Amino acid sequence: VDLLVVCDINHRLSASSINRTEFPSQYMGRWYFLAAAAPADSQALETFKPMDNTAFWVQESTENEKLVFRANVRVKDGSCVPRKWIYLLSGDSTELRTEGHPDRVTELFSSKCTQCVILKETENSISRLLLYSRSPQLEREFVEDFKEKAFCEGYKETLEIPQKLEYCPLDT
Ligand code: MYR
């Protein structure tokens with residue numbers, strides 16, 4: 001983040017460009033994890049620090065009102081760690097719950113990058129912001145915009161996902 005960020009209305013998190021009519025179909029398919037932000041000294045980014053990159057695959061579940069999120073994490077030591085979460089949809093809200101994590105709430109926000117989405121994960125009053133993109137490469141201005149928004153919302157620690165290694169294969 002720049003030394004001086006003048007926080008204004010453009011830095012507020014907004015869900016205005018989330019298309020609720022199409023929801024959640026516009027989010028199916030492949031995503032790349034690009035950056036994260038959390039309050040300073042919150043430890044909320046620690047789990048991401050051993051990570052080199054992560055690709056996600058989102059699909060509808062055979063069960064109603066459920067989405068399956070699969071990930072394959074490339075760890076900095078070169079290993080691949082597959083992960084899977086079940087997200088629960090709640091009626092016409094875009095808020096998500098995670099199966100097995102009753103205290104976790106995930107909200108969606110728009111990004112300056114139209115091919116991206118910002119997730120806000122809150123669990124027991126600890127929250128963090130996560131930036132995902134349809135493409136593994138993103139223009140600097142979009143990453144900077146994410147960091148500025150995060151900073152202005154009080155998430156002063158940020159982490160960019162290094163992506164120095166190849167992506168792990170993703171079973172779809
Ligand atoms: C975690 O690391 O805690 C899990 C985060 C899951 C992120 C999934 C990324 C895909 C973004 C698409 C949004 C889909 C909303 C329906």
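D8 is found in the segment before β1 (29-38). Strands here are DSSP runs of E, at least two residues, numbered from the N terminus.

Visitor: What kind of model is this?

Guide: This is a predicted model: local features need pLDDT of at least 70, side-chain atom pairs count only at pLDDT 80 or more, and totals for chains, interfaces and linings use all residues. Residues are numbered from 1 along each chain as its sequence is written, and side-chain values use heavy atoms, without hydrogens and water.

Visitor: Is D8 buried, partly exposed or exposed?

Guide: Buried means under 20% relative accessible area, exposed over 50%, partly exposed in between (1.4 Å probe, protein chains only). D8 has 36%, so D8 is partly exposed.

Visitor: Which residue's backbone nitrogen lies 2.8 Å from a polar atom of the D8 side chain?

Guide: That of N10. Also, the C-alpha atoms of D8 and C152 are separated by 8.2 Å, though 144 residues apart along the chain.

Visitor: Which residues come nearest to the ligand?

Guide: A residue is near a molecule if one of its heavy atoms lies within 4 Å of it. Of 16 residues around the ligand, Y27, F69, E121, R128 and Y132 come nearest. An N or O atom in the E121 side chain is 2.8 Å from a ligand oxygen. For R128, a polar side-chain atom lies 3.5 Å from a ligand oxygen.

Visitor: Which strand gives the most to the shell around the ligand?

Guide: β7, with three residues.

Methods:
Polar contact = N/O pair within 3.5 Å; in protein donor to acceptor, adjacent residues only side chain to side chain. Helix = DSSP H or I, 4+ residues; strand = E, 2+ residues; numbered from the N terminus.
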